[in-house]
Amino acid sequence: MAGFWPEFLLIAVVHLMAVASPGPDFAIVLRYAVRFGRKAATAASLGIGAAILLHVTWSLVGIAVLIQTTPWLFNVLSFAAAGYLFYIGIMALRSSAPSHPEQAIANSVHENMPSTGKAFVAGFITNGLNPKATLFFLSLFAVIISPATPLFYKVIYGGYMAAATAAWFCMLSIILTQTKVRGFLLLKGYWFDRLMGLLLLALAMHLVVSGINR
């Protein structure tokens, strides 16, 4: 128990730095917040947090090692993630300016709102298919967490990181969907959507190149 808190605090700091870095998760939450509102963005955030448990489980049972040491499996996951990000990116690039700016927020909520389940799945897939996230958690468990750490503590670490990730993106969802903030983003949202589309396409290409060069 004496070594629990120092190890936990170190993990918390490293994880916070990683989750705060811009990437596919941030892009998907931003897009859902701007286009569909707080409920959809929060659902996507919870999906991202739930996907962390997948990476933690893989790291604990050794599947992450298999992914790291089996190039074709890494490539399959990379290309699957790239394909999904590419699809979302293309959808974002097709965004157009609202025909009636004063109706933009109401229309986005009532006409285009995806179900909570779909938003959750979008967040889960975006994070869950990212092999680099798996390798991050593998490195975390291999380098920072001592092999002598009991499994019970490792499960606590994993649960914390999943909850902290969901909380971080839920907080962003709240900030981005404040009335004035979202009103501005939505009126100019098609530019943000297009920017996020380019970012998602760039991330997709990065995953493909990483898989090919691995």
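Asp 25 belongs to helix H2. Helices here are DSSP runs of H or I with at least four residues, strands are runs of E with at least two, and both are numbered from the N terminus. Is Asp 25 buried or exposed? Asp 25 has a relative accessible area of 16%, so it is buried. Buried means under 20% relative accessible area, exposed means over 50%, and partly exposed lies in between, with a 1.4 Å probe and protein chains only.

The model is predicted: local features need pLDDT of at least 70, side-chain atom pairs count only at pLDDT 80 or more, and totals for chains, interfaces and linings use all residues. Residues are numbered from 1 along each chain as its sequence is written, and side-chain values use heavy atoms, with hydrogens and water left out.

The protein chain has eleven helices and zero strands. Read from the N terminus, its elements run α-α-α-α-α-α-α-α-α-α-α. Of its 214 residues, 46% count as buried. Among contacts in the chain with a separation of 6 or more, 88% join residues 24 or more positions apart.

The largest nonpolar core has 26 residues. Such a core is a set of buried Ala, Val, Leu, Ile, Met, Phe, Trp, Tyr and Cys residues joined through side-chain atoms within 4.5 Å. Which members touch the most others? They are Ile 28, Tyr 32 and Phe 169. At least two core residues each come from H2 (24–36), H3 (38–61), H5 (71–93), H7 (116–128), H9 (151–176) and H11 (189–213). H2 gives the largest share, with eight residues. Beyond its neighbours within four places in sequence, Ile 28 is in contact with Ile 48, Ile 88 and Thr 126.

Two packed helices are described by the angle between their axes and the distance between the axes. H2 and H9 pack at about 35°, and their axes are 9 Å apart. Axes are lines fitted to C-alpha atoms, for helices over the stretch in contact, and angles run from 0 to 180 degrees between N-to-C directions. The crossing of H2 and H9 is right-handed. A crossing is right-handed if the near helix is turned clockwise from the far one by less than a right angle, and left-handed if anticlockwise. On the H2 side, Asp 25, Phe 26, Val 29, Leu 30 and Ala 33 take part. They meet Phe 169, Leu 172, Ser 173 and Leu 176 of H9. By class, this contact has seven nonpolar, one polar and one charged residues. Here Ala, Val, Leu, Ile, Met, Phe, Trp, Tyr, Cys and Pro count as nonpolar, Asp, Glu, Lys and Arg as charged, and the others, Gly among them, as polar.

The whole structure holds seven aromatic pairs. Rings of Phe, Tyr and Trp (its six-membered ring) pair if their centres lie within 6.5 Å; planes under 30 degrees apart count as stacked, over 60 as edge-to-face and the rest as tilted. Tyr 32 and Phe 36 form an edge-to-face pair, with 5.2 Å centre to centre and 70° between the planes. The two residues are four apart in H2, so about one helical turn separates them. Tyr 32 counts as buried at 10% relative accessibility. Phe 36 counts as buried at 12%. Elsewhere, ring pairs link Trp 5, Phe 8, Tyr 157 and Tyr 160 into a cluster.

Gly 37 sits in the loop between H2 and H3 and is buried at 5% relative accessible area. Its C-alpha atom is 9.2 Å from that of Ile 174, 137 residues away along the chain. Leu 138, in helix H8 (residues 131–144), counts as buried at 11%. The C-alpha atoms of Leu 138 and His 55 are 8.1 Å apart, although 83 residues separate them along the chain. Met 161 lies in H9 and is buried, with a relative accessible area of 0%. Between Met 161 and Leu 16, 145 residues apart along the chain, the C-alpha separation is 8.8 Å. Leaving aside neighbours within four places in sequence, Met 161 is in contact with Ile 11, His 15, Ile 52, Val 56, Phe 137, Leu 140 and Phe 141.

Definitions and conventions. Contact = heavy atoms within 4.5 Å.
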